[in-house]
There are 2 protein chains.
Amino acid sequence: MNGKGTTTRTRLERGRGALGPALELVHTGRAPTRAVLTAELGVTRATAGAVAAELEALGLITVDSRPGAGAGSQGRPSHRLSVDDQGPVALAAQVHADGYRVALVGLGGQLVATAPGCGTVPADPAQVLGEAVEAGAALLRATERRCVGAGLAVPSAVAEPEGTALNPLHIAWPVGAPVRDIFAERVRAAGIEGPAFTGNDVNLAALAEHRHGAGRGAQHLLCVATGHRGVGGALVLDGRLHTGSSGLALEVGHLTVNPEGRPCHCGGKGCLDVEADPLAFLTAAGRDPGPEVSLLQQARDLLRTEAADPAVRRATEELIDRLGLGLAGLVNILNPDRIILGGLHRELLDADPERLHAVVADRSLWGQGGGVPILPCTLDHNSLVGAAELAWQPVLDDPLGALAR
Amino acid sequence: MNGKGTTTRTRLERGRGALGPALELVHTGRAPTRAVLTAELGVTRATAGAVAAELEALGLITVDSRPGAGAGSQGRPSHRLSVDDQGPVALAAQVHADGYRVALVGLGGQLVATAPGCGTVPADPAQVLGEAVEAGAALLRATERRCVGAGLAVPSAVAEPEGTALNPLHIAWPVGAPVRDIFAERVRAAGIEGPAFTGNDVNLAALAEHRHGAGRGAQHLLCVATGHRGVGGALVLDGRLHTGSSGLALEVGHLTVNPEGRPCHCGGKGCLDVEADPLAFLTAAGRDPGPEVSLLQQARDLLRTEAADPAVRRATEELIDRLGLGLAGLVNILNPDRIILGGLHRELLDADPERLHAVVADRSLWGQGGGVPILPCTLDHNSLVGAAELAWQPVLDDPLGALAR
DNA sequence: CTACTTTGTTCAGATGCGGCACAAAGTGAG
DNA sequence: CTCACTTTGTGCCGCATCTGAACAAAGTAG
């Protein structure tokens, strides 16, 4: 009885409404067994069993009869639920200051295959995206996996619903480039199945951290990161990215964090953008940034290898204070229950977590029982994984419908 | 046929999942007819009809055979759906700087009855709330309406999940007073049916404006208001109040809006709280605030009657600029599709809408096709109506379940 | 080996909703 | 006034999805 491959399913169509939530639970690692799935979904064991069988039949998850972790030692051990590592994949691409990356990402945020990256970014979006999509198509051909769709992360705000890049600051793309349309067209032209999506890299990193990284379980997750120039932010509310009414939310770079600070192109002065990015750190430490390596890399190296240098130490404290002021402002407005920092901000947090916590607690209105937890991001390639999340989203929302075609 | 009171309902139990959304549509005036209800719910006419019949049987709405507005001139006219003005009510109370208000509020945000207010606020929350609840109980006895619950609006942030008042600034209540518990206890002691809720007044005003006022239809609604001292904010996302993870979101008073500004108790300087409230306006205009009338009243009078005075004019422009800077900062972070202003901010908007729009558009990062619409609030007693919304919420979420008891 | 606990499965219902056919109530053309 | 046309309201059937209860399975504790 309970033969594994025999598929003695009684009526073949059971559990539609709960399919999506169930898949999301397995996807985010919150349902290791059917027993947990039952509790998390708030349904009966009968329903959870039918739902799991249906997801298995769709090739998305596997039900392993080896006992799964979670329950107590008593009673019948529950079968292990896990993502099917031979299942479909999403094509993920990321464009950043130093090139692009392409990968295939399965459920659970697992990188199934990665293409060799590229070192420079041409000024023509169509050329970059064409190359990236072609690399992805080659990966798909090589792995012979079904593709559920494609996602792209770009270092720029993406306007909704147009899908244009509004401030591709550190890549030389034209302002207002229709990146979503270009990407979608290339994906279709390459014969890749499924829809194509485009989003801001920090937003997508936040989404990935929320589902698979340090943000798991957070209800209101704030992410702040700086990679090259300027500061990016993102907010995940109840599991969904908050991009605002036109995709421009969390442009946190122009919070005032230093009333005596340097002028910013926005018209103000002392903005987070010019007071807490890698260039600001190098300048504060009295270093001239060189053109050979990325600003983030230079700042990171300086922070790691010359932390004892008094000038570096002073610059670190100054940037922590500026960042803390910005975070405090965001805490007063958004009241998140967790903050995740990426890029150089992550390094600053590692360098002196006490100081950053103290500044945020001091300048946000209420300590909130010890202050908001501030954590470093934990995922490699979180923007890439987040881009894949975009492509997986329709499947998570309605597995049957999305995989029907 | 179609006899109005005969209730020839076939199976008596139809439409449960769609009941809540349907009631909310009628409640917010977005479903004037059954035809519109059908379209808005995305269900079939059969379902919409059953749902409407069920809501009518519950005594929440009325189906009037007179033709309702909305459809074209052709075809069979659709019956008018409206809130049953003899239906249940919610008890709403508001505490503000000059006393308290109590009212009964029906579906649709209609004030059914109002108790005479009170002129001063004792320093003991239990005494104030006891009096207010007693006044409400008297109203309920007089009207003999069923009560679905009670809601309270207070001029302070309310911590979640404790329900304590964190900054009852302009009423002399103790910081940390357990207002939610006190109110709930008084409501229960007075024999009033249904649960009791407590929220911040600006939050509740935003909720009311979103459902019945200038915010109707907005997806991401930002409200900013100043009544006495300090500035309050609120955000309604997809029809739900965003209060953050611990009820402290949208404490917008400490955005920096004037780098050369006066010091604030928060440790910064030039905060919105001290640069754009009624006291700031009076001071900027060179007036000494008197103790007899409320600061809001004094500022309002000055703005209305002496607008020609050069000092008043200068103060007005200064406050508009400060407010605009704060709004621009919020727009960069939240990207709302509508902004509503209340209290003195509403008067500032009326005084020179072009200037305010220009400042916000100039200092927020992207004009967004002409900038965010900024509107004055339109509801009388919006905090009071919002408090009632809290009490109505369980009914809107699950009419059958909430009215079953 | 025997209780006991917890998990998985089967089956019979309950229920909410879609689809369809038909009736009802208006408009406009002739 | 009549007839075609449009749109709305309702009865009925069926289907999909979930619950509940009974039973079987698989482990632990004694």
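Hi everyone, this is a short walk through how chains A and B meet, with a stop at one alanine in chain B.

A word on the ground rules: this is a predicted model, where local features need pLDDT of at least 70, side-chain atom pairs count only at pLDDT 80 or more, and totals for chains, interfaces and linings use all residues. Residues are numbered from 1 along each chain as its sequence is written, chains are lettered from A in the order in which they are written, and side-chain values use heavy atoms, with hydrogens and water left out.

Now the interface. Here 35 residues of chain B are in contact with 35 of chain A, contact being heavy atoms within 4.5 Å. There are two salt bridges between the chains, meaning a side-chain nitrogen of Lys or Arg within 4 Å of a carboxyl oxygen of Asp or Glu. Lys269(B) and Glu260(A) meet in a salt bridge at 3.8 Å, N to O.

And our alanine? Ala31(B) sits in the loop between helix H1 (19-27) and helix H2 (34-41) of chain B; helices are DSSP runs (H or I, at least four residues), numbered from the N terminus. At 2% relative accessibility Ala31(B) counts as buried, which means under 20% relative accessible area (1.4 Å probe, protein chains only).

Methods: Helices (H or I, at least four residues) and strands (E, at least two) are DSSP runs, numbered from the N terminus. Buried means under 20% relative accessible area, exposed over 50%, partly exposed in between (1.4 Å probe, protein chains only).
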